[in-house]
Amino acid sequence: MAKRKEQPPEEGSPAWMATFSDLMNLLLCFFVLLFASSTMDEGKIQKIAASFDNITFNVLNDGSVSLVDGDFLSGGVSQVPDVSSILSEAGKNIEGSTGEESISSHTDAELLSDEEIQDEYEQRGEEQSEMMYDEVVQMAESYTIDTIIEIDYNEQYVELDLNGSILFDSGDADVRDDSKLFLQKIASILVKYKYNTIEIEGHTDNVPISTSQFENNLQLSAERARSVYEYIITQENFIEENIKIAGYGDKQPVASNATEEGRAKNRRVVIKIYNKQNSN
């Protein structure tokens with residue numbers, strides 16, 4: 001009987017070795033990840049976890065999200081009404097943790113206090129206002145009205161102070177014809193910031209007024225602010241919802257009413273252009 005011919009062995013490594021090699025690679029990656037995780041700052045990880053203990057996130061319909069008691073966030077636009085309270089709450093959670101000295105040792109250095117948050121907020125607002133102030137001054141110079149208006153700024157807005165005697169006759173709230181060109185130039189400046197909140201304020205001195213048209217200074221100041229508003233919005237394409245008007249009478253003087261010069265300064269219209277951070 002003929003012997004069965006033996007088959008030559010297959011070339012290359014056995015199939016089980018490929019599986020074994022894959023397993024070793026996976027184990028190597030696993031231990032590398034374990035080693036990498038062991039070198040992370042555990043204190044920072046626990047700080048992050050603790051900061052979310054009392055912050056509630058609710059998923060709503062249409063992809064909206066509610067942060068604590070704040071406004072809804074939707075369509076990629078976010079508005080958190082009180083960021084400082086959220087950060088402050090996170091800081092309290094971390095400071096209240098026990099048994100983790102590494103957490104409390106980093107708290108003062110790495111978390112901003114309420115005062116620091118407020119300072120940073122005001123600094124950012126002042127930087128925005130300063131940039132707007134430089135632009136407004138440059139435009140006022142180009143329109144040659146920089147010598148007849150006063151321009152100032154703070155962390156909330158840029159302020160344009162218009163002398164009332166330029167705009168109105170004594171005891172009247174109608175814009176004078178010879179001041180309309182001046183207001184046209186003011187409107188050309190303001191329209192650059194039409195997406196910001198703009199407030200037009202009327203002010204008077206403390207000399208009482210009582211006429212058939214105006215019962216008191218408060219009413220006169222409000223009507224003067226309204227007259228400026230109504231004329232300005234006819235000159236440029238403003239968003240009227242972004243413009244507010246107010247009358248303060250003699251309640252906010254900038255000079256002493258004891259002299260005629262001081263009273264003249266108090267008879268004014270103030271226009272405040274709020275920076276983006278402080279615009280509604």
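Modeller: Start with a definition: two strands pair if DSSP finds at least two bridges between them. Helices (H or I, at least four residues) and strands (E, at least two) are DSSP runs, numbered from the N terminus. This is a predicted model, where local features need pLDDT of at least 70, side-chain atom pairs count only at pLDDT 80 or more, and totals for chains, interfaces and linings use all residues. Residues are numbered from 1 along each chain as its sequence is written, and side-chain values use heavy atoms, with hydrogens and water left out.

Colleague: How many bridges join S4 to S5?

Modeller: Strand S4 (residues 149–153) and strand S5 (residues 157–163) run antiparallel, joined by 5 bridges. Asp152 has Glu159, in S5, as its bridge partner. A hairpin of 3 residues connects S4 to S5.

Colleague: What is the overall count of helices and strands?

Modeller: The protein has 9 helices and 8 strands. Of its 280 residues, 32% are buried. Buried means under 20% relative accessible area, exposed over 50%, partly exposed in between (1.4 Å probe, protein chains only).

Colleague: How is a helix span judged, and what does H5 reach?

Modeller: The expected span is 1.5 Å times one less than the number of residues. H5 (residues 114–142) has 29 residues and reaches 42 Å from first C-alpha to last, close to the 42 Å expected. Its buried residues include Ile117, Gly125 and Met132. Just after H5, Thr144 has a positive phi of about 55°.

Colleague: Which side chain makes a polar contact with that of Glu135?

Modeller: That of Tyr193, at 2.7 Å. A polar contact is a pair of N or O atoms within 3.5 Å; within protein, one must be able to donate a hydrogen and the other to accept it, and residues adjacent in sequence count only if both atoms are side-chain atoms.

Colleague: How many aromatic pairs are there?

Modeller: Rings of Phe, Tyr and Trp (its six-membered ring) pair if their centres lie within 6.5 Å; planes under 30 degrees apart count as stacked, over 60 as edge-to-face and the rest as tilted. The structure holds 3 such pairs. Phe30 and Phe31 have ring centres 5.6 Å apart and planes at 65°, so they are edge-to-face. Tyr157 and Tyr274 are also edge-to-face, because their planes stand at 65°, with centres 5.2 Å apart. That pair links distant parts of the chain: Tyr157 in S5 and Tyr274 in S8 (residues 268–274). Both tyrosines, Tyr157 and Tyr274, are buried.
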